[in-house]
Amino acid sequence: MSGRLADPRALSRQREALAAAREARPRVVAVCGGTGCRAQGAMKVFEALRAEVGAHGADHTVGMRATGCHGFCERGPLVKLLPEGILYQHVQITDAAEIVERTLLRGELVERLLYEDPVTGERYHREDDIAFYRHQQRIVLRDTGQLDPTSIDDYVAAGGYSALARALEMGPEAVLEEVKRSGLRGRGGAGFPAGRKWEACRNAPGDLKYVVCNADEGDPGAFMDRSILEGNPHCVIEGMAIGALAMEAREGYVYVRQEYPLAVEHLTVALEQARERGLLGDAILGSGLSFDIHVSRGGGAFVCGEASAMMASLEGRRGVPHRRLIHLSEHGLWGRPTNVNNVESWANIPHILLNGAEWFRAIGAEGSTGTKIFSLVGMVNNTGLVEAPMGMTLRQIIFDVGEGIPDGKAFKAVQTGGPSGGCLPADKLDVPVDFDTLVAEGSMMGSGGMIVMDEETCMVDVAKYFLRFLASESCGNCTSCRDGLTCLHDLLGDVTEGRGTRETIALIEELAETVQATSLCALGTSAVNPVLSTLHYFREEYLAHVDDKRCPAGVCKALIGFSIDAERCNGCTLCAVRCPQDAVAGEKKQPHTITQELCIKCGICKDVCNRDAVLVQ
Amino acid sequence: MDVELIIDEEPVTAPDGASVLEAARRAGRDIPALCHHEAVPAIASCRLCLVELRRPGRDWTQLTTACDYPVSAGLEVVTDSPQIRKHRAMNLQLLLRRAPDAPVLRRLAARLDVKEPLFAPVTDATLQDCILCELCVRVCSTLGYNALAAIGRGGHKHIGPPFGQAAALDCVGCGSCREACPTECIAMEDTATTRTIWGRTLELLACERCGRTITTKAHAAAMAAETDLPVKSSELCEVCKARITSERLASPGR
């Protein structure tokens, strides 16, 4: 179906027709086409499945869809069979024939492709039964694993753009009121109430206004916004169009990083489709609203996620933050009133308009309404994208959704909020995850990064890791941030390499204070969070490094040594064979020893030993 | 229009649009600032001109830079406090890594009682002693030449011809960047007839009367183009212009 939709009635007629066609053919093979699954060969699996379906003459009864991210990336490539919702994981090309013959044609399950619970060992066949999904509340991500992101028909059939139609019916003031009442706070990091920002932009004088979508997601290990743009670009477009209506903006920009090629591609396709349908452009759905969106690709600077730096970059200047004395809502892009929200915030808008502010307020916590998407990564059994109601505790996210720490190891810390978030220890696990509580505990919501660390993680080393990232991503304007972060990183290096003293720790604290107090933008002022929070919660670990020249977690190479427990070693020679330095010696079936002078502490011997005979101290 | 504000509990007036730094300096406060020049836009890079501000109606103070903060009515400014001194000294320590021997930093260190360096000096800078304040870039851009740029991020940030080119192709050799540089780290070499700067060698324009260097020919041409005046093949230096004028005034025939 194509062609311009003349008015909201044409849209609903089209939706009904598309939905009926889908109901008549409910069988769908949905292969996750997110970047993670693609990297594991999902598109080849998709082609193999399509060929098998065709070979069995089932292509008229079975729909094939490459969808957006299902969120369960570590189990990819993922294949979902609708309408039953059967989920197969780690699917290979060689599995295609069996899936089609047994499951599609005969209704049997392929046991070995089912998810096996790492804790209980039980196998589940439906996505909704798996703990990872069962404990989530998927609103924004509801459709990303179901729809073909390059098909506007899929989106419309699922009710897409009906929120925009409803908004047009309500009018700008009522839309603004609805967003304000929903309590939606910006999902990009600062958590500013979206409705208040919209209102300021709407009230700002000027007939040329802009709405901007910040898709410059730069946190290492975070992919919330990428998954939304890749998997459901139309919901962001619809959200922005609703925003444009409320703020009377005629132009929009999506600032997306060049490193997200699939997101750029799907967004570009979706924009083209929306224009063809008359959902963007002049007189949207026959109304007085005229609005279009441009895609602007960023060069991948973390700092360009900061709104003033992003404005500079959008205008074609160097992406450097500057002091904002007047809000962007009054003086933004090219000096015009501008509203910036991030991808996830915009993606929430259609749901708020369709279901109402009261429905939205009922989800989540007081002061932090709705859900939040987290990228749950690190030392946790289930890694991936998690959408949970605000106010869920860290324990629920890590142990219910994530099903705890692998290999029976102990939880040590979780870093929330991306690279400049703080690290919270085990006794903070029952802290509810909302904007205000996390800040009060010395961390932050950020854009939703969540990195879980187990007992084998050295917190000094972790702080050093994040400081290295932040020091290299500082724009370089402020002395305090540019050189302060570099020096902090070097001082942490002194600690991990055994050169540190108590004075080093005092200097780290003093310098961190200056960086925090005197840097211009939030990159600098928050960059010291990893250092200050680990110093606060894990001070003994720092002291062990400087006082005893010891790394309690056994990570910092300069402070550890490997040895072999003669009692446990059975002389299998595996470590001796694998040691790149020939530092392990010993006769077959006799206990081996490590020559310390030759050892480079790479840890391979420990990794390969089947008997846990290699000791670290 | 002037606005009234308070600096260190003393009411002062400053022109609307002035920065807190300008207002404080007018009021006799000696606030250090290395990246500031009244002729170019502020970027608040060096982070030395720290002050504490309290806006009317607010019960909290804000530690911030004075050079990029405009004055407003009723603004209360504190130019010296233990907090200001502490953070200013630390930021100076960080700058000293980049230009340990620059006279301007040595003088400031003496004044701010910064004795032992806390951090090892930077050894891999592309421009020795550069503190990355971008005054050269901003002066060049304000003059309309845009021959220089800040390149790279974080510790890799450096100053030079745009896009890392070997020579600043739009440089006219006026030397303004060198004049503006607080640490005097920009190399400029003149021979009798040429000037070499930013990888470019440009011909010099000499005074037709005394032979002294006026500027480069490229700079003279650029100024002539800007002012719509005819480009002259020869030129007098400012000293000779003044001499000729006084000679004429003193000549008996006048």
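**Entry 1: ground rules**

I am working with a predicted model, in which local features need pLDDT of at least 70 and side-chain atom pairs count only at pLDDT 80 or more, while totals for chains, interfaces and linings use all residues. Residues are numbered from 1 along each chain as its sequence is written, and chains are lettered from A and ligands numbered from 1 in the order in which they are written.

**Entry 2: domains of chain A**

I took the domain bounds from an automatic or database domain assignment. Chain A is divided into domain 1 (8-131), domain 2 (160-361), domain 3 (365-454), domain 4 (459-547) and domain 5 (561-616). Nine residues of domain 1 and twelve residues of domain 2 of chain A make the contact, where two residues are in contact if their C-beta atoms, placed from the backbone, lie within 7 Å. On the side of domain 1 of chain A that touches domain 2 of chain A, helix 1 (residues 8-24) of chain A gives the most, with four residues; I take helices (H or I, at least four residues) and strands (E, at least two) as DSSP runs, numbered from the N terminus. I sorted that side of domain 1 of chain A into three nonpolar, five polar and one charged residue, with Ala, Val, Leu, Ile, Met, Phe, Trp, Tyr, Cys and Pro counted as nonpolar, Asp, Glu, Lys and Arg as charged, and the others, Gly among them, as polar.

**Entry 3: the mixed sheet of chain A**

I next followed an open sheet of four strands in chain A, which has the order 2-1-3-4 with mixed pairing; two strands pair if DSSP finds at least two bridges between them. Strand 2 (63-67) and strand 4 (86-88) of chain A stand at the edges with a single partner strand each, so one side of each is left without a neighbour in the sheet. From one strand to the next, the twist averages 20 degrees; axes are lines fitted to C-alpha atoms, for helices over the stretch in contact, and angles run from 0 to 180 degrees between N-to-C directions. Strand 1 (residues 28-32) and strand 2 of chain A run parallel and are joined by five bridges, and I found A:Ala30 opposite A:Arg65 in strand 2 of chain A. Helix 3 (residues 42-55) of chain A lies across strand 1, strand 2 and strand 3 (79-82) of chain A, running at about 165 degrees to strand 1 of chain A.

Helix 7 of chain A brings A:Ala163, A:Leu164, A:Ala167 and A:Leu168 to the contact, and helix 11 of chain A brings A:Glu238, A:Ala241, A:Ile242 and A:Leu245. By class, I have seven nonpolar, no polar and one charged residue in this contact of helix 7 with helix 11 of chain A.

In chain B, helix 2 (residues 82-98) and helix 3 (residues 103-111) pack at an angle of about 150 degrees with their axes 10 Å apart, and helix 2 and helix 3 of chain B are therefore roughly antiparallel to each other. B:Leu92, B:Leu95 and B:Leu96 in helix 2 of chain B meet B:Leu105, B:Leu108 and B:Ala109 in helix 3 of chain B, and I counted this contact as six nonpolar, no polar and no charged residues.

**Entry 4: chain B, sheet and domains**

I also traced an open sheet of four strands in chain B, which has the order 8-9-10-11 with antiparallel pairing. Four bridges join strand 9 (residues 194-197) of chain B to strand 10 (residues 200-206) of chain B, where B:Leu202 in strand 10 is the bridge partner of B:Arg195. Chain B is divided into domain 1 (1-123) and domain 2 (135-246), with ten residues of domain 1 of chain B in contact with seven residues of domain 2 of chain B.

**Entry 5: chain A against chain B**

Finally I checked the contact between the chains, which takes 26 residues from chain A and 24 residues from chain B. Helix 19 (479-496) of chain A is one of the elements that give two or more residues to the side of chain A that touches chain B, and helix 19 of chain A gives the most, with seven residues.

Notes. Angles under 35 degrees count as roughly parallel, over 145 as roughly antiparallel, 65 to 115 as roughly perpendicular and the rest as oblique.
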